[in-house]
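Subject: Structure handover

Hello,

Here is the structure I promised to pass on. Please open it beside this message, and then read on for what was found in it.

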Amino acid sequence: MDIEQARLNMIEQQIRTWEVLDQDVLNLLHEIHREDFIPEEYKDLAFADTRIPIGHEQTTMTPKVEARIVQSLAIQAHETVLEIGTGCGYLTCLLAKNAKQVSSIDIFSDFITSAKNKIESTPLDNIQLESVDAYALLDRAEKYDVIVFTTSLPVMDDRFLKLLNDKGRMFVIIGESPAMEARIITRQTDSDFSSEGLFETDLPALIGAKQKETFTF
């Protein structure tokens with residue numbers, strides 16, 4: 001397989017056609033090689049428009065979703081980022097390229113170990129990895145300019161909004177399979193938030209997430 005041609009085809013046929021037109025984002029996809037983060041047995045699918053299994057019943061996002069997240073958040077050089085769900089570490093690197101600092105967590109310690117090994121082969125030195133349950137963060141004092149969930153929430157958990165700095169943005173996927181909506185939530189003031197719908201997708205739920213209430217009669 002011609003790797004560079006496959007990468008170009010991914011960018012031109014999948015990502016551009018999905019309204020990702022920011023040239024800086026497109027250049028980033030050439031710079032950080034997705035195939036380096038994909039499990040060996042699935043490397044031939046690194047550029048495919050599909051979610052790739054990475055273990056523990058988790059998957060990657062598709063390339064077009066990853067690119068759309070980066071474009072939508074427009075991370076600035078002074079901003080700190082929290083990624084909830086390190087996974088294979090590829091999106092972690094995309095987020096870190098323009099950020100001041102990325103803190104990425106995952107409940108699965110082997111994901112952290114694998115991602116650390118892969119990230120160390122890049123020039124990026126602004127990524128901190130930790131194996132911890134996302135809900136443990138709610139007891140900490142740290143706040144962030146950008147928060148990215150790489151898993152879904154069946155219903156929005158407003159407690160995570162408290163981790164945002166003023167004017168901070170959160171990317172989160174809300175809903176139940178097969179109909180989930182990706183959203184950007186922006187903190188306007190201490191008690192005022194705006195929300196923008198981006199697209200529909202389908203991802204595994206955050207482990208331990210609140211479930212949608214059901215009623216029996």
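Val81 has Val146 in strand 6 as its bridge partner. That pair belongs to the contact between strand 3 (residues 80–84) and strand 6 (residues 144–153), which run parallel and are joined by 4 bridges. Strands here are DSSP runs of E with at least two residues, helices are DSSP runs of H or I with at least four, and both are numbered from the N terminus. Two strands count as paired if DSSP finds at least two bridges between them.

Before going further, please note that this is a predicted model, in which local features need pLDDT of at least 70 and side-chain atom pairs count only at pLDDT 80 or more, while totals for chains, interfaces and linings use all residues. Residues are numbered from 1 along each chain as its sequence is written, and side-chain values use heavy atoms, with hydrogens and water left out.

Within strand 7, Met170 stands opposite Ile147. Strand 7 then runs antiparallel to strand 8, and 8 bridges join them. A hairpin links strand 7 to strand 8 through 2 residues. Glu176 has Ala179 in strand 8 as its bridge partner.

Helices on the sheet and on each other

Angles run from 0 to 180 degrees between N-to-C directions, and axes are lines fitted to C-alpha atoms, for helices over the stretch in contact.

How do helix 1 and helix 3 pack? Helix 1 (residues 3–15) and helix 3 (residues 63–73) meet at an angle of about 75 degrees, and their axes are 10 Å apart. That makes helix 1 roughly perpendicular to helix 3 (65 to 115 degrees counts as roughly perpendicular, under 35 as roughly parallel, over 145 as roughly antiparallel and the rest as oblique). Met10, Gln14 and Ile15 in helix 1 meet Pro63, Lys64 and Ala67 in helix 3, where contact means heavy atoms within 4.5 Å. By class, the residues of this contact are 4 nonpolar, 1 polar and 1 charged (Ala, Val, Leu, Ile, Met, Phe, Trp, Tyr, Cys and Pro count as nonpolar, Asp, Glu, Lys and Arg as charged, and the others, Gly among them, as polar).

On a 1 Å grid over the protein atoms alone, a cavity is a set of points where a 1.4 Å probe fits but cannot get out, a pocket is an open set with protein on both sides within 12 Å along at least five of seven lines, and lining residues have an atom within 4 Å of a point. Grid points are joined across faces, edges and corners, and a volume is the space filled by probe spheres set on the points.

The count comes to 1 cavity of 30 Å³ or more. The largest cavity has a volume of about 360 Å³. Its lining has 28 residues, and Gly85, Gly87, Asp106, Thr150 and Thr151 lie nearest its centre. Strand 2 (58–59), strand 3, strand 4 and strand 6 each give two or more residues to that lining, which has 16 nonpolar, 8 polar and 4 charged residues.

The largest pocket holds about 210 Å³ of space. It is lined by 14 residues, with Asp24, Val25, Val70, Ile75 and Asn98 the closest to its centre. Helix 2 (23–31), helix 3 and helix 4 (90–96) each give two or more residues to the lining of the largest pocket, and helix 2 has the largest share, 4 residues.

The second largest pocket has a volume of about 170 Å³. Its lining includes Glu31, His33, Phe37, Lys118 and Leu124.

Best wishes
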